Amino acid sequence: MDVQPDEWIENNDDLMNNESGGEHEYMIMLFYIYTVIESVADTITFQKNLCEELFLKGRIRVSAEGLNVVLSGTKSNLQCYENRLLAHLNGTVTSQDLDVKYCPFRSDIPASKQLFDYLSIKKTKDLVSLEDQLGDEETNTFKPAPHLSPKEWHEALQSATSEDSIIIDARNVYESKIGYFTTPFQDGCGAPTLLTNTRRYSQLPPILKESVHHLAGKNIYMYCTGGVRCEKVSQYVQKLANSDDWIGEKPKVFQLKGGIQRYLETYGHLEADNVDDESSDQIMHKSDGNFSQSCLFQGKNFVFDQRRFDPQVGVGTVGACNMCSMPHFDYDNGHSPSENREARCCRCRILVLICSSCREKVVCAGEEFSQGKIRVFCGLNGTQCINEGNDFHFEFKRHVRIIP
Ligand SMILES: [Zn+2]
Ligand SMILES: [Zn+2]
Ligand SMILES: [Zn+2]
């Protein structure tokens, strides 16, 4: 039996004790699975008992259509959870189907502060919700788009041009602000990346509807953090392409299997490796052992756990201070995300990037106002909130660089 996290925090409040690579290493586990859940209530009871037995904490969403899970704990206990879950699902689901991602902790903040401090298990209607814009089981006849492995994705993006392709980031604005995919420079016209800049997932359908003229006849490459969001959005794009709102030729839609998480496991590098931008282009990729083209993901992978971003990173740094435009990617300004010191808009509470020198001069949501300081908002230069209804400010990113 493993040490209980709470005990461990008290005795070992020191990241040096997070033995990297060992079975007692603390990690984040991430997976989703679409499978028929016969009894949601029984599944919730099973999950609760199993997590308590193995000292795992985090978020579990149980729906009649499957499971969406993010947990923290020791590697050995997380692996035990996976095996027990597979046994519980009684052979209906394989380990490949679960495709569990085991993600390392950041090395720049204490490991104890990256563990979840709660266990939330809830019943939901959908694993991720487009708020009925996809239609229910009977009316939605569209299948999720075919998956591309990280290698297939990497190769497809290498040759994608603005004539034939578009990449769609299916995540929210505060996620793509610190990292996104771009394609290499292709005779001046690599495929653009559409940052939809949504505030929540369910805003994607109206934005895609407004963007149909960018999507007609294209290969559409969609990605998100771990893959779960593209399953539904890729169905929505196909629904849209078969509706009266569509103009022109039908698209071919693809989704990145395992999301940015899996891509960076192959093409990214651990931030602790301290690889500078230039030499990361020359990294030997772990999976194929060959020198290949540089990582196509720039910046960091935003995550919804106590790490804020995964230490497995892409090329360079993406992000800028909302006030002064200086390069900046840290919503928490050096604090652990679990300390809740992150900068948020005073009106809508969305995360905003504020560099440390601007941070001293401003008041963010949840902070007491003091004389001489100014309240910060999410709009341009931090002056006003981009409120709901006025926030369809999608943008395109293009990568201009010479392939070595
Ligand atoms: Zn996705
Ligand atoms: Zn600044
Ligand atoms: Zn705002």
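Is Cys355 buried or exposed? Cys355 counts as buried, with a relative accessibility of 9%. Keep that residue in mind for the first close-up; everything shown here comes from a predicted model.

**Close-up 1. Four cysteines hold the zinc ion (ligand 2).** The SG atoms of Cys321, Cys324, Cys355 and Cys358 coordinate this zinc at 2.3 Å. The site is tetrahedral, with angles of 104 to 114 degrees among the 4 donor atoms. Read along the chain, the donor residues follow the spacing C-x2-C-x30-C-x2-C. Cys324 and Cys355 both sit in the loop between strand S14 (312–313) and helix H12 (356–359), so this pair ties together parts that are 31 residues apart in sequence. As for solvent, Cys324 is partly exposed at a relative accessible area of 34%, whereas Cys355 is buried at 9%.

**Close-up 2. Two cysteines coordinate the zinc ion (ligand 1).** Here the donors are the SG atoms of Cys224 and Cys230, at 2.1 Å.

**Close-up 3. The largest pocket lies between domain 1 and domain 2.** Domain 1 (5–123) and domain 2 (135–404) both give residues to the lining, so the pocket falls between them. It holds about 1,000 Å³ of space. There are 43 lining residues, and those closest to the centre are Arg59, Asn68, Val70, Arg229 and Phe304. Strand S1 (26–34), strand S2 (57–63), strand S3 (66–74) and helix H9 (228–241) are the elements that each supply two or more residues to the lining. By residue type, the lining splits into 20 nonpolar, 10 polar and 13 charged.

**Close-up 4. Arg308 has a positive phi without being a glycine.** Its phi is near 70 degrees. Look for Arg308 in the loop between strand S13 (297–299) and S14. Arg308 counts as buried, at 10% relative accessibility.

**Close-up 5. Asn340 also has a positive phi, and is not a glycine either.** The value for Asn340 is about 55 degrees. Asn340 is exposed, with a relative accessible area of 60%.

Note on methods: Residues numbered from 1 in each chain as written. Chains lettered and ligands numbered in written order. Predicted model: local features only at pLDDT ≥ 70, side-chain atom pairs only at ≥ 80, totals over all residues. Heavy atoms only, no water. Donors = N, O, S within 2.8 Å, 3.2 Å for Na, K, Ca; no water. Tetrahedral: all angles 85-135°; square planar, octahedral: opposite > 155°, others 65-115°. Helix = DSSP H or I, 4+ residues; strand = E, 2+ residues; numbered from the N terminus. Buried < 20%, exposed > 50% of the residue type's maximum accessible area, 1.4 Å probe, protein only. 1 Å grid on protein atoms, 1.4 Å probe; cavity = no way out; pocket = protein on both sides within 12 Å on 5 of 7 lines; lining within 4 Å. Points joined across faces, edges and corners; volume = space filled by probe spheres on them. Nonpolar A, V, L, I, M, F, W, Y, C, P; charged D, E, K, R; others polar. Domains from an automatic or database assignment.
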